[in-house]
Structures are given as C-alpha cells and as structure tokens.
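Please look at the sequence and the model first.

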Amino acid sequence: MKIFTSAQIHELDKFTIEHEPIKSIDLMERAAKALTLAITAEWSAATPVIVFAGPGNNGGDALAVARLLLEKGYDVTAYLFNISNHLSEDCLTNKTRLSEKRAKALVEIKDEFNPPHLDRSMLVVDGLFGSGLNKPLAGGFASLVKYINASKAQVVSIDIPSGLMAEDNSCNVRANIICADLTLTLQHKKLSFLFPENQHFIGRLKVLDIRLSQEGTEKTEANYSIVEENDVRSLLLDRSPFAHKGTMGNALIIAGSYGMGGAAVLATKACLRAGAGKVTVHTPKQNNVIMQISVPEAVIQLDHDETVFSEAVETEGFDALGIGPGLGTSEQTAIATISQIRRTQCPIVVDADAINILGNHRAWIQQLPKGIILTPHPKEFDRLEGPSTDSYERLRKACNLAERLNGYIILKGHYSALCLPDGHVVFNCTGNAGMATAGSGDVLTGIITGLLARGYRQREACLVGMFLHGLAGDIAIRELGEESLIASDIIKYLPQAYKEIKS
C-alpha cells in the first residue's frame with residue numbers, strides 16, 4: 001500500500017478527474033457520500049451535529065456532508081468560515097446546495113464569530129483544513145480548535161484533523177491541532193498518521209475508498225509504503241522436500257552477558273523458529289548451563305571470558321550473524337564488537353547493545369560494511385545520530401544513514417519503518433501494544449538473522465521478519481490479551497504466523 005504526500009494526493013485527484021473522467025464536484029459528492037455513510041454508522045439521527053467548514057475543498061466536503069445528513073433527518077448546523085471572502089469553486093457550489101436545501105442550517109462567518117454551545121451529546125464534524133495545510137494554525141482558527149478540544153463533544157475529522165500536516169509536523173504548534181475521536185481519511189493513509197506522537201490527534205482511523213484512479217495510483221511513484229500480507233506471501237521461500245539442516249542455513253548469534261543470558265535465549269530460539277537449519281550461539285561461559293537447558297537445539301560456543309563477549313570469533317561457514325542482544329557496553333566488549341563486525345563476511349544484523357556501542361563510538365559507524373542491518377528503537381537511534389524533535393525528523397535521519405551506509409535501518413515502533421539504501425521507506429502494519437515488553441527486539445533480531453541464514457536477501461529478510469514478528473504478536477494476544485504478552489510468546493506463535501501467511 002502506497003503512502004502519498006499531500007502534493008501527490010492532489011495530483012491523484014486531478015488524474016482521476018481527467019481520466020475517469022468525472023467532474024471535481026461529483027468526485028467531492030462521492031467522497032461526501034462515503035463520509036456520511038461512515039458517520040451514520042456510528043451516530044444516530046438523535047445526535048445534534050455541528051459542522052465547521054473551511055474555505056477550501058475540505059470545507060466543501062464538510063458542507064456536502066451537512067446536506068446529506070440533513071436529508072437523512074439529522075439536526076445539523078454548519079458554520080462556514082469565509083474570512084477572506086474567497087471560497088474554492090467546489091466549496092462555493094456546496095454552500096449553494098446547502099442553502100437551497102435548508103438556509104437556516106448554514107451560518108457563514110465573515111467577521112465576528114460567536115461559537116455555538118458544544119456538549120457531550122453533540123457531534124462536531126471538523127472540515128476546516130485538509131491535507132494541503134503547510135503552516136501551523138494561528139489566530140481565530142487556532143482559538144476555534146482550542147474551543148473544540150476543550151468541549152465534551154465527540155469530534156470526527158474529514159481526511160485529517162485540522163491543523164495536522166500530512167508529513168512534517170516538527171515545527172507545528174501542537175496545541176492548535178484538532179483532537180479527533182475518529183478520523184475518516186480518504187483513500188490513503190497520510191504519513192503523519194504513522195507517528196506515535198500524532199495518535200492523540202487522530203483517534204480511531206478509518207480509510208474510506210472513494211475510488212480514486214487505480215491507474216493513477218499505480219503510475220505514481222511513492223517513497224513511502226506499507227507492507228501487506230500479500231507482499232510477504234510472495235516473498236516466502238519454498239522448502240525443498242529434500243532439504244536438510246546443511247541446506248537451510250547456518251546462523252551465528254553473539255549475545256548475552258552475565259545476568260543477561262535471557263537475551264541470548266530469546267534471539268537464538270527465534271532464529272531457530274524462523275527456519276534456520278543450524279544456529280550457534282556465542283556467549284560468555286557463565287551462560288553455558290542456561291543456554292544448554294533453554295535451547296537444546298542450538299550449538300553453544302563459549303567465549304573465553306566468564307561474563308562478557310571479549311574477543312571476535314571466526315565466521316567462515318556461517319550464512320548470517322546477529323549481534324547485540326544483552327551484550328553490555330564495556331570497553332572490552334565494544335572493541336570485540338567492532339572487530340567482529342569488521343571481520344565478518346556474511347550478512348549482519350546489529351541490535352541492542354551493539355547499537356549502543358556504536359552510539360558511544362560514533363567514528364566506528366563509517367566502518368560498517370555495505371548491506372548491514374541495524375534494528376534500533378528510537379532512543380538507540382538517537383544515540384547514533386543525535387536527538388530528534390519528532391518521529392518525522394528521526395525518520396529522515398534514518399533514511400540518510402541507510403543511504404550513507406548502503407544498508408538497512410529498521411526503526412522499531414508501532415509502525416516499524418524499514419529505511420532502504422535507495423531512500424524508500426516501508427512501514428510494517430502488524431504488531432500491537434502488548435509487544436511493548438522486554439525482549440521483543442531480541443526476538444526480531446533472531447528472526448531476521450534466521451531468515452538471512454535461510455537464504456533471504458537483506459531487504460526481503462527485513463520485510464518478512466518484521467511482518468512475521470508483528471503477526472506472531474497479533475496471534476498471541478488473541479489468546480493471551482495485550483497485558484500478559486511476553487517476548488517468548490512471540491516465538492511460541494511464530495509457527496502460526498507462518499501458517500496464516502501461507503494460507
């Protein structure tokens with residue numbers, strides 16, 4: 001699923017109008033019908049509706065919705081803000097249509113505005129500004145947003161909460177953004193919807209199909225997309241009936257320190273469950289008994305040191321390396337880690353403390369080999385590239401780093417973002433809040449390492465790995481619920497995740 005910028009969405013509207021062909025006012029009516037259907041499915045005609053419409057096409061959508069709700073017997077009052085005495089052509093048309101339907105239902109604001117009383121029994125339809133907004137709201141509109149947010153009324157936003165920008169909100173004034181209970185976005189999710197700090201404004205999200213041109217969608221290149229199950233299904237490798245452990249990949253996991261043996265257990269188990277034929281785990285001597293008991297299927301390779309990873313090891317014969325979970329960040333381990341990364345010839349997944357080590361020794365980042373995979377959570381990434389004001393800025397930094405390294409960066413989160421060397425970003429759509437638990441990242445490292453060993457290329461291993469990881473978590477909460485999910489449950493449900501994708 002492609003994610004388009006606001007400029008691309010505007011061009012896709014134009015393409016639909018020209019090639020369907022359809023008049024722009026009729027496309028707006030189509031959108032208004034979809035919006036009205038979604039609203040009437042949630043709120044009955046007993047709910048008084050207040051519509052706030054801006055002077056552009058978002059306001060035109062809102063006025064059309066007001067008219068359609070009136071036709072369905074709703075008590076509607078629409079406030080049209082025409083401060084500059086200039087309405088878009090389609091907004092003007094819908095103003096006329098609403099006035100002809102019921103003149104008393106429309107209040108046009110050209111100077112002073114006395115806001116209506118809003119209470120919890122009412123529904124506010126926010127149609128002030130759409131995805132084309134490129135600067136923070138100010139003045140009277142900012143005051144209106146604050147008034148709506150302070151009320152107890154439920155709020156549904158058309159396409160995007162007014163005041164929120166479709167991509168970059170790093171310089172926005174967050175107090176001047178509508179806090180919607182429900183956002184009804186048209187055709188495509190906006191990039192800003194995928195960032196955690198914006199969820200407060202969006203509320204529940206529904207994507208409405210208004211039948212924008214499929215041809216135009218396919219022709220338009222997008223830097224951002226969301227991976228879907230069909231995409232992952234097409235990437236899965238077949239397993240030959242004549243396969244044996246020697247043909248299914250040999251993975252090396254370097255993980256764990258004294259007191260953090262669990263990280264090595266989780267990464268190793270996940271690597272095996274991902275399908276690797278053979279997994280060797282290199283870990284300090286003190287973790288020997290833990291590993292032998294917890295993962296009898298793995299080969300244990302003990303470090304010379306009792307408590308930490310102390311010296312790089314030979315990787316000839318291995319098909320993939322995963323390094324970092326539970327390693328610690330002592331200077332001895334740091335030197336061993338960069339030495340290991342430099343001498344390893346097979347694909348590498350770098351996670352957790354291995355990333356923190358790079359953050360503590362930033363000059364080492366330039367020594368990372370082409371094709372490397374880094375899987376930081378936001379704080380780990382900020383240690384690498386410096387603090388970011390918001391998720392958009394962090395994402396841009398991650399894209400730049402992936403291009404500089406010619407590598408792959410997975411920014412972990414609710415919508416984990418895979419930043420590719422060519423500048424494209426693919427977001428993951430699986431996963432849930434129950435996975436916000438210690439060890440989840442170690443499991444992801446193991447999965448991706450196992451897939452690399454199995455024969456997947458870096459891009460495909462990342463896409464399949466993060467989708468499987470999230471899907472296993474989604475299957476787990478069906479039985480366990482979000483509160484009780486732990487990282488080992490993700491591994492437990494990996495087989496079902498594979499089965500669900502294949503079926």
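Start with Phe-81: its relative accessibility is 5%, so it counts as buried. Buried means under 20% relative accessible area, exposed over 50%, and partly exposed in between, with a 1.4 Å probe and protein chains only. This is a predicted model, where local features need pLDDT of at least 70 and side-chain atom pairs count only at pLDDT 80 or more, while totals for chains, interfaces and linings use all residues. Residues are numbered from 1 along each chain as its sequence is written, and side-chain values use heavy atoms, leaving out hydrogens and water.

What does Phe-81 form with Phe-113? An edge-to-face aromatic pair, 4.9 Å centre to centre with 75° between the planes. Rings of Phe, Tyr and Trp (its six-membered ring) pair if their centres lie within 6.5 Å; planes under 30 degrees apart are stacked, over 60 edge-to-face, the rest tilted. Phe-81 is in strand β3 and Phe-113 in the loop between β4 and β5, so the pair ties together parts 32 residues apart in sequence. Helices (H or I, at least four residues) and strands (E, at least two) are DSSP runs, numbered from the N terminus. Phe-113 is partly exposed, at 22%. Both rings belong to a cluster linked by ring pairs, along with Phe-52, Tyr-79, Phe-129 and Phe-141.

Now helix α4, residues 89–101. Its buried residues are Asp-90, Cys-91, Asn-94, Lys-95 and Leu-98. The face turned away carries the exposed Glu-89 and Glu-100.
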